[in-house]
Amino acid sequence: GSVYASTIATPKTIIDNGGAPSVALVGENIFVSLGIYFTKSTDAGNSFSVPIDISGGVGIGEASALAAIGTNVYVVWPGVANPSFGVDGIYLAKSTDSGSSFSSPVRIVSALASNSIHLVETKASGDLVYVTWIDENINQVGFIRSNDGGMTFFSPIIVSADISETADVPTITTAGKDVYVAWIENPEPD
């Protein structure tokens, strides 16, 4: 199977092309053109390909997230298409050839206010692609899904009540048709 990564990375567990859990690295490189860089290993992490910029000119607001199923690889990130606005949405780049090439980034969620979206997470299962994030503008945890391998997405929904200003680290996982979203919330002291 393959192991996928992007530079300045945080370890993540994904399912590799052989169906077994693997450790992957996802993140952003803020020192090289503010791009999202991707690399992969086809030898269980002993060596990696030369990193490629998959951002298509859409800069990053925070760390990216990655999911892989079969030969499909999905990378999402809070993106900056117009630097004067700041983070303007969540962007998706998709590979259908195990990360050898990627689609141009597509905005799948629009920000309600500048720099309000952060901390995205994604999960893929078959043709289902799920993305969750924290929207600081409305103090909510958002969720969006695709049932056609990321070609189209349903409208975003809110999966939380009002959250504190210190909500952090949304996570998502699936089991069959069940989807689970969790996040850390540290209420403000009185």
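Reply: Helices (H or I, at least four residues) and strands (E, at least two) are DSSP runs, numbered from the N terminus. This is a predicted model, in which local features need pLDDT of at least 70 and side-chain atom pairs count only at pLDDT 80 or more, while totals for chains, interfaces and linings use all residues. Residues are numbered from 1 along each chain as its sequence is written, and side-chain values use heavy atoms, with hydrogens and water left out.

Me: How many helices and strands does the protein have?
Reply: The DSSP runs include β12, which covers residues 128-135 and holds aspartate 135. Another is β14, residues 157-158, where isoleucine 158 is found. For the whole protein, the count is 0 helices and 16 strands.

Me: What is the mean pLDDT of the protein?
Reply: pLDDT is the predictor's confidence in each residue, from 0 to 100. In this protein 75% of the residues reach 70 or more, and the mean is 78.

Me: How many contacts does the model have for residues 3-17 beyond four places in sequence?
Reply: Contact here means heavy atoms within 4.5 Å. Where pLDDT is low, the predicted coordinates should not be read in detail. Over residues 3-17 pLDDT stays under 50, and the model's contacts beyond four places in sequence number 77.

Me: And how many contacts does the stretch over residues 19-33 have beyond near neighbours in sequence?
Reply: The pLDDT is below 50 over residues 19-33 too. Beyond near neighbours in sequence, the model gives this stretch a contact count of 57.

Me: Which side chain meets aspartate 88 in a salt bridge?
Reply: A salt bridge is a side-chain nitrogen of Lys or Arg within 4 Å of a carboxyl oxygen of Asp or Glu, and a search of the whole structure finds 1. Aspartate 88 sits in the loop between β8 (72-80) and β9 (89-95) and its partner in strand β10 (residues 106-110), so the pair ties together parts that are 19 residues apart in sequence. The N to O distance is 3.6 Å, and the partner is arginine 107.

Me: Is aspartate 88 buried or exposed?
Reply: Buried means under 20% relative accessible area, exposed over 50%, and partly exposed in between (1.4 Å probe, protein chains only). Arginine 107, at 41%, is partly exposed. Aspartate 88 has a relative accessible area of 8%, so the word is buried.

Me: How far away is the nearest side chain of opposite charge to aspartate 135?
Reply: For charge, Lys and Arg count as positive and Asp and Glu as negative; His and the chain ends are not counted. Aspartate 135 is buried yet has no salt bridge. Leaving out residues up to four places away in sequence, aspartate 135 touches Leu112, Ser116, Ile117 and Gln140. The nearest side chain of opposite charge is arginine 107, at 12 Å.

Me: Where is serine 98, the non-glycine with a positive phi of about 60°?
Reply: Most residues other than glycine have a negative phi, and most peptide bonds are trans. Alanine 44 also has a positive phi of about 60°; alanine 44 is exposed, with a relative accessible area of 64%. Serine 98 is buried at 12%. Serine 98's place is the loop between β9 and β10.
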